[in-house]
Amino acid sequence: SQTTKGIWLARCAGIEPCTLVMDLEGTDGRERGEDDTAFEKQSALFALAVSDIVLINMWCHDIGREQAANKPLLKTVFQVMMRLFSPRKTTLMFVIRDKTRTPLENLEPVLREDIQKIWDSVPKPEAHKETRLSEFFNVEVVALSSYEEKEEQFKEQVASLRQRFFHSIAPGGLAGDRRGVVPASGFSFSAQEIWKVIKENKDLDLPAHKVMVATVRCEEIANEKYGSFVANEKWCQMEEAVESGPVSGFGKKLTAILNISLSEYDAEAIYFDEGVRSAKRKQLEEKLLQLVQPAHQSMLGHIRSGTLEKFKEAFDKALNAGEGFSLAAQTCTQSYMAQFDEWCADAVIEQANWDTSKVRDKLRRDIDAHIASVHAAKLSELTSSFEEKLNAALSGPVEALLDGANSETWSAIKKLLLRETESAVAGFCNAIFGFDMDEQSKDKLIASLENYGRGVVEAKAREESGRVMIRMKDRFSMLFSHDSDSMPRIWTGKEDIRAITKTARSASLKLLSVMAAIRLDDDVDNIETTLSSALMDAKSNAAVKDRSIIPFDPLASNTWEK
């Protein structure tokens, strides 16, 4: 509705030189009704007659339309102004409101062309037959963004526009070339006389009356049809149903309800001005589509989530049936993306041209994410399975080999590790064949499995080394108390105790040397020799009595290579 009634006048705060601003009723207001449209035209003509600069608000989407942009009003004002007043220079500043993405340099020529056409079509008195528009008016065009959608940008643009009114009558200013200037002391009387002439001119009551009536009535009809649609029982049921789940035949049903509302509008508005009728119909259609769009979005959401769930079920079923991972993923993706497109087509509203690509892209991302998740889970599951098999194949045998430690222990462990790892890798490669992986990723998984097998052996070796003292004692006791046939030794007093002791100690020391290092590589060490010379040699044993005076001790930690 109108926000201004009558004409309001005030002095601009902070703008020099002294500038008065006049605020008028909107030219398309309806408060005054169909019988009193003259005041809007009279006040507009008054503004043109007394002002140096006139700002005319115009919706961006009205540019280029025959019955918009205040065209009927401008035509009347141009005609009467030439007849009533001698030419004076007035700046017409068209303020394009709610500017769209269309650049101003594209909008301005269209607007200027509209204004020139109006000027050319106006009947002119003889004195002004050849007078150009530029003799009466300077035309300026500025644009403001939507206050509702871009408040900060709007405020910045308004502040910038306000700056143009500082020193506006200086050369090059907005009103720098004004003519017929009235002294400030005579402004009040001059304005009263101009208003008097305008009020007595009856021609102002006639033009654009048809457009004004059409505007008021078509808007009333449109509002009535909008209200009827909002209360429509079928629409209310669909709106409620789509909140909880998909509605079968959504697009066709909603298209039909919308068609009824628009057809009823057409039937009632058919005899009004075509330009106004079409404009109000378009506004009604846009308003109705804005109303139903959330329901349409909900419907698309249900289609997307439903398609995703069905994809997951089909994908799992295909994998469980033994189908290769990559083939199952590709087949199911193609099938259910096509299914989504089919269901979306069923939800299309004919009056709207809405893009569903964002919802489709979201579904594709969700499907790809699920495939990636299952891919990772399946690979993790396979990896864990083969690691468990490898662990079972290595742990027991390695423990047994270390328990009977001898010169061939690590050689046997390496052969065992190589054999079991190759077996596990072959089985693993066969299991991941259907995953269609690149060689780099495949090699990385194989290397991980090989490292795991090595880790099992190393962990078992460390575990067994923690019990080395017990195993050494057991081996010493076994060899000391049993003969070469493993029979309990019968002591007769003739045995060489020293030799038996040395043999048992050497065997225990052998076990220690085997357990002292992990020998999975081909490196050669002298651990057994070092231990033997340090602990078994008679001279070394004598020296052990006072280690503090030995300059080099092979058993000291600072002499270890590993």
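Where is the place of aspartate 114? That residue comes up in point 3; here are my notes, in order.

1. Ground rules. This is a predicted model, so residues are numbered from 1 along each chain as its sequence is written, local features need pLDDT of at least 70, side-chain atom pairs count only at pLDDT 80 or more, and totals for chains, interfaces and linings use all residues.Where is the place of aspartate 114? Aspartate 114 sits in helix α3, and point 3 takes up that helix.

1. Ground rules. This is a predicted model: local features need pLDDT of at least 70, side-chain atom pairs count only at pLDDT 80 or more, and totals for chains, interfaces and linings use all residues. Residues are numbered from 1 along each chain as its sequence is written, and side-chain values use heavy atoms, with hydrogens and water left out.

2. Confidence. The chain averages a pLDDT (the predictor's confidence in each residue, from 0 to 100) of 81, and 85% of the residues score at least 70. Watch residues 202-209, where the pLDDT is below 50; beyond near neighbours in sequence, this stretch has 15 contacts in the model (contact means heavy atoms within 4.5 Å). Where pLDDT is low, the predicted coordinates should not be read in detail.

3. Helix α3. Residues 104-121 form this helix, with 18 residues reaching 26 Å from the first C-alpha to the last, close to the 26 Å expected at 1.5 Å a residue. (The expected span is 1.5 Å times one less than the number of residues; helices, H or I and at least four residues, and strands, E and at least two, are DSSP runs numbered from the N terminus.) Leu107, Leu111, Asp114, Ile115, Ile118 and Trp119 are buried here. Seen down the axis of α3, these buried residues fall within an arc of 135°, so they line one face of the helix. The arc is taken over the directions from the helix axis to the C-beta atoms.

4. Aspartate 114. (Buried means under 20% relative accessible area, exposed over 50%, and partly exposed in between, with a 1.4 Å probe and protein chains only.) Leaving aside neighbours within four places in sequence, aspartate 114 is in contact with Ile63, Gly64 and Lys71.

5. The chain overall. There are 18 helices and five strands. Buried residues make up 37% of the 562 residues. Of the contacts with a separation of 6 or more, 71% are between residues 24 or more positions apart. The chain exposes about 32900 Å², and carbon and sulfur atoms supply 52% of that area; areas come from the Shrake-Rupley method with a 1.4 Å probe, and for residues only the protein chains shown count as cover.

6. Around β1. Arginine 11 lies in strand β1 (residues 7-11) and, at 55% relative accessibility, counts as exposed. Setting aside neighbours within four places in sequence, arginine 11 is in contact with Glu16, Cys18, Thr19 and Leu20. Arginine 11 and methionine 22 are 11 residues apart in sequence and 8.9 Å apart in space, C-alpha to C-alpha. In the loop between β1 and β2 (20-24) you'll find proline 17, and the peptide bond from glutamate 16 to proline 17 is cis, with omega near -5°.

7. Positive phi. Most residues other than glycine have a negative phi, and most peptide bonds are trans. Two residues deserve a look on that count. Aspartate 98, not a glycine, has a positive phi of about 55°; aspartate 98 is in the loop between β4 (90-97) and α3 and, at 32% relative accessibility, counts as partly exposed. Histidine 167 has a positive phi of about 50°, again without being a glycine; histidine 167 is in the loop between α5 (151-163) and α6 (187-200) and is exposed, with a relative accessible area of 52%.

8. Asparagine 57. Strand β3 (residues 53-59) holds asparagine 57, whose side chain makes a polar contact with the side chain of arginine 97 at 3.1 Å. (A polar contact is a pair of N or O atoms within 3.5 Å; within protein, one must be able to donate a hydrogen and the other to accept it, and residues adjacent in sequence count only if both atoms are side-chain atoms.) Asparagine 57 and phenylalanine 94 are 37 residues apart in sequence and 6.1 Å apart in space, C-alpha to C-alpha.

9. Threonine 383. This residue is in helix α12 and is buried, with a relative accessible area of 16%. The side chain of threonine 383 reaches the backbone oxygen of leucine 379 at 2.7 Å. Not counting residues up to four places away in sequence, threonine 383 touches Phe428 and Leu445.

10. Helix α16. The buried residues here include Ile500, Ala504, Leu509 and Met515. The buried residues of α16 pack against α12 (357-403), α13 (409-431), α14 (439-465), α15 (468-481) and α17 (527-535).
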